[in-house]
Structures are given as C-alpha cells and as structure tokens.
Amino acid sequence: MSVQKPISSVNDFVVRFANVNGSGSASANELFARAILRHGVPVSPRNIFPSNIQGLPTWYEVRVTEAGHLGARGGVDLMVSMNPQTWDKDLASIEPGGYLFYDSTKPMPKLIEQLIGEQYKGKEKLLSSNVHALHLGRDWALQNLKCPIGLRIKKADKVGDRIFIEGNSAAALGAVYGGATVCAWYPITPSSSLADAFGSHCQKLRHDPETGKAKYAIVQGEDELASIGIVIGASWNGARAFTATSGPGISLMQEFIGLSYFAEIPAVIMNVQRAGPSTGMPTRTQQCDILICAYASHGDTKHVLLFPEDPAEAFEFAATAFDLAERLQTTIFVMLDLDIGMNHRLSRPLKWDDARQYDRGKVMTTEMLQEGREFGRYLDVDGDGIPYRTYPGTHPTKGSFFTRGTSRDRYARYSEEGSVYADNMQRLVRKFETAQDMVPRPLQANARKPTKYGVIYFGSTAPAMDEAIELLEARGHELDRLRIRAFPFHSSVASFIADHDFVYVVEQNRDAQLRSLIVNENGIDPVRLVPILHYDGTPITARFISSAIGDHQDQLKLTPLRKVVS
C-alpha cells in the first residue's frame, strides 16, 4: 500500500480552526488571518458559527491564496481541532496528505504581537496575558513538534491596495454616503451588524463639527413591521431612510412593503439573507429570498433587487439604492447574504465621487406649482410611469394629496372604478419597465473559444464562479458567463440565453429561485436553463460548481441533447 505524501504548498492552502461558540476563538483566529495578510498574501476567512449564545461547535476557516481566489475552496489542508464534539467530522474534512493539529491530552511573533496590541488597544491587562500565551504556544511548538510542516507562508506583494472589510460595514458606509439620515431596525442575525456599523459610521461622519449635534436618527422598532413603517414614514417626509433585516423580517414586513409599492413611497431594505424557512439556520448563508422580495406583499407587485458580489459593490449598491428609491418612488432591496455581510473579504478600495449629487427624482417644487404646472400625484406626464410628488409643506394651497393604500385616480382621489384601478396598475408596470435601464446592468465575460454553453450567477457566488471557470477550462469545458446584478432584468439577459443551447443557473437555494424568476419574466423555455443548486448553508465552492457543471457537460458528449435534461 502506498503512503500518502504530506501536502507541500506555499501560499496556497486552507486552515480550519474547530472550537466552541462563546470561547472567544473568533478574535484570535481573525488575528491569524490578518497576520498572513500583513505578509502581502491574500486570505479569504469565513466564520461558521451557531445561533446560540455559547457551547455549540464553531469553525473559522482561512483560505490562504496568493492567486487571489476569494471564494470558499472546499476541503481542509490543516485542521486545528479543539472540539471533541466534532472530531469525526473534522477528521473527514482533511485533504489526503493534510495535517491535523490537536491537543493529545484531551479525548510569526513580533507581527502577531503588534496585531494583538491593535486588537486589545486600551485593554493592557488583556494585552500582556495574550502576548504571554502567544510565546508559550510558540515555544512549545518549536520544542515538541516536527517543524516545519509542508504548508508555508512566504512574503509576497499580492494584496495591493485592496482593503479587508465586512460587507455589512461596507453597505452601512454606502448608506451614509448615499444620504441616509434615518435607520429603523429590529435586531436579527445576520443583519444586526449592518445597523450597528451605520451608527459607528454616523458617529464619525454625521455630527455637526461646530455643535456636535447628530444629524441622523437610529430607531430600534418593537419589531420588523414597525421598523419598515418608520422607514416609510420618514421617506414620505423627505428623508432618506432604510432598514436592515433578514428573511423572517421580510416575511413580517409584507403589508408595509405593499403600501410602499402602491402608494409609491421610497424605501430601502438591506436584506442580509440566511437559511430559511421559518427560523431555519440563522447563522448559515443562502440566496433564498429572491422570490419573496421580487414579489413581496399580496396582489400584483414587482420590486427592484440589487445583487452585490462583494463589499465594494455592497457599498456602491447601497448608495445607489437611495437614488433609485427616490427616482422610482418605491422600495429597493439590496440583496446581501451572510457570506458577504458577516465575513471579512479582500475588496477593491471603496470609491466615491465628491461631485456626485443625490438624485431625488421627480419632485414638484414651489416654483413649479406657482407657475401653474398641473399636479396629479399619480399622473404619468412623461410616459415612463413615474409621476411627480411633492414634499409635505411645499405650498400652502397647491400640491397636496392624500396618501392611501386604497385605489385612487391619477389625482389621488379615492376610486374603486375598475378602469381607474387598471390604469394605475398598468402605469406601475411601465414604471418597472423604466427601471430596467436604471439598475446596474449584467456583466458578461466570454470564453476563450466560441461555445454553445453559458452560465448565469449572482451575488456571493461570484468569487467561486470565477475560480470554477478555471477548473472547467482545465477539463476542456468552455463557458460564457453572465453575472446578474439587478432585477428587473436587462434585455441582455434574454439575449444571452438565446445565444446558447444551454445556460446553467448557479444559485444558493433549493428551489432555483433566480431561474424561476428568469423563466417567469422572460418567457424562457425552462428546459434550456439547467439549475446548479447549493443550499446546505455553507458558502458555495468552486469545486462544487465545476463538478456539477463538468459532469453535466461530460454527459452532453455522450447523450443526445434532449435526453440529458428531460
């Protein structure tokens, strides 16, 4: 029997720490990731933790990747096992030739000292004891372990100007730069840190330098329904307002979302998705709120969704969402997920144009009313489905209207006439069609050679998808790819599908929700869209994608086209 050789790799491996929640291990493990980052080597860490307060298994995974792959890889090269509860599972996850580090008594110094100093700044009692523990551990390892192992860190210069930031923090900063002055929220994992980050950013950026007065309001409602109600009320009064929530919160907000849609009041919802339904797995990631957000509330509704791929786009899309909400006078969803929101990610620097002006949309001013401009709150004067609105108190006698959730005519007068209702509903459709050219467009990348096959993906799947393309090319499979960044879908989505015999739709949910949305909105034959679904709550990996697509491609070479998908 041949003996498996130990893995030998420089700047390309995965380390996973197995521990229990509530032990404080996440902070120490993050220091490990930052230490490697300080050597100029890109890392992609992920904290996998339970939803209880303490005692259940938790893992912290650090992917060391000089090549810059930021998606989860799958498999572990070095397992640091400190939890007997998960011993068997941890052992099974180690790659052939990998390493296991464990305490057999139970069933980079200066740089790390600097990082510990940053972590415990102002807490000197904790600082000295942690530095002492560091040296005890390192000295013991040098004396008792066979060093070095085959996994090595070598200084590099592959980080560049990229920053290390969580998506929730980036989105919160985007809200600040996007002009948000009101945040109403109710605590829910994994979105709570977004509201917390908004408060922290506002402390630095939203206080009057002369008086020290806060120029923002953060309100914790009694529940999610109250929170979105506060957002809608603030927006109706002219503020830019948002809430941060997750799937269960979206379920509770349905009635007020319908009011925002039908009464046409701006609102922004940052949805940091987690595994559902019901309570589901609060601390696991999924992309499973696509349909409930796209068609939120009873009756016929359609909502704008933005799909950022990383913290940089979370920042950009969060800021853009407030312009879109006011231009379209409706709710805008920024669709993050736990993988983006709660994990540190290497990201291109966040950029902002100081000359950028907020787009408040069609607002009729005092001067316009004085000039005799006709005002109908739901009157489509430009053919784009978007009416003019006024702010409260714009004019003493003109421009007022009654905001209601019941049917009304073009001048906001109550009406239950069928033709009046149908006219208004059709205008809302025109407005949604107008949104197609306002939202971020899909990004297409073509294969090295002409191909009949394509792949569609979105959001946090992007880094794994980029790496999967390399693995598929190594197997001889060429795929054009299209990353969707928003709903409503731009016309290029239908064109991309029409140009290929088969298109794989990669997403992190059980029911192929994006695929269903594409079929429903574009009238596409579902047979041509092959679902690639990952929904166990862990981040999707390049290995999973390349295996699923590669196996299907291999079948196509052996089996008649129609038989493969029937």
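Biologist: Why is Trp140 called partly exposed in this model?

Modeller: The structure is a predicted model, and in it Trp140 has a relative accessibility of 46%. Buried means under 20% and exposed means over 50%, with partly exposed in between, so at 46% Trp140 counts as partly exposed. Trp140 has its place in helix 4, residues 124-144, and together with Phe101 and Leu145 it forms a nonpolar patch on the surface, with about 290 Å² of accessible area together.

Biologist: Is Tyr177, which belongs to helix 5, buried or partly exposed?

Modeller: Tyr177 has a relative accessible area of 29%, and because buried requires a value under 20%, Tyr177 is partly exposed.

Biologist: What makes the pair of Trp87 and Tyr102 edge-to-face?

Modeller: The structure holds 11 aromatic pairs. In the pair of Trp87 and Tyr102, the ring centres are 5.1 Å apart and the planes stand at 75°; rings pair if their centres lie within 6.5 Å, and planes over 60 degrees apart count as edge-to-face, so this pair is edge-to-face. Trp87 lies in helix 2 (residues 87-92) and Tyr102 in strand 6 (residues 94-102), so the pair ties together parts that are 15 residues apart in sequence. With 29% relative accessibility Trp87 counts as partly exposed, and with 42% Tyr102 counts as partly exposed too.

Biologist: How do you know which kind of pair Tyr177 and Phe315 make?

Modeller: Their ring centres are 5.7 Å apart and their planes are at 65°, which is to be set against the limit of 60 degrees for edge-to-face, so the pair is edge-to-face. This pair links distant parts of the chain, with Tyr177 in helix 5 and Phe315 in helix 11 (residues 311-328), 138 residues apart. Phe315 has a relative accessibility of 3%, and therefore counts as buried. Tyr177 and Phe315 also form one aromatic cluster with Trp352.

Biologist: Why is Lys362 called buried?

Modeller: Its relative accessible area is 14%, and the limit for buried is under 20%, so Lys362 is buried. Lys362 lies in the loop between strand 15 (344-347) and helix 13 (366-370), and, not counting residues up to four places away in sequence, it touches residues including Gln329, Ile386, Pro387 and Tyr388.

Biologist: What makes the approach of Lys362 to the side chain of Asp382 a polar contact?

Modeller: The two side chains come to 2.5 Å, and a polar contact needs a pair of N or O atoms within 3.5 Å, one able to donate a hydrogen and the other to accept it. The side chain of Lys362 also makes a polar contact with the side chain of Asp384, at 3.0 Å.

Biologist: How do you know whether Ser9 is buried or exposed?

Modeller: Ser9, found in strand 1 (residues 9-10), has a relative accessible area of 14%, and as buried means under 20%, Ser9 is buried. Its side chain reaches the backbone oxygen of Asp12 at 2.7 Å. Leaving aside neighbours within four places in sequence, Ser9 is in contact with Gly150, Leu151 and Arg152.

Terms used
Residues numbered from 1 in each chain as written. Predicted model: local features only at pLDDT ≥ 70, side-chain atom pairs only at ≥ 80, totals over all residues. Heavy atoms only, no water. Helix = DSSP H or I, 4+ residues; strand = E, 2+ residues; numbered from the N terminus. Buried < 20%, exposed > 50% of the residue type's maximum accessible area, 1.4 Å probe, protein only. Contact = heavy atoms within 4.5 Å. Patch = residues over 30% accessible without salt bridge, like charges linked within 9 Å, V, L, I, M, F, W, Y side chains within 5 Å. Areas by Shrake-Rupley, 256 points an atom, 1.4 Å probe, with all protein chains shown as cover. Salt bridge = Lys/Arg side-chain N within 4 Å of Asp/Glu carboxyl O. Phe/Tyr/Trp six-rings, centres within 6.5 Å; stacked < 30°, edge-to-face > 60°.
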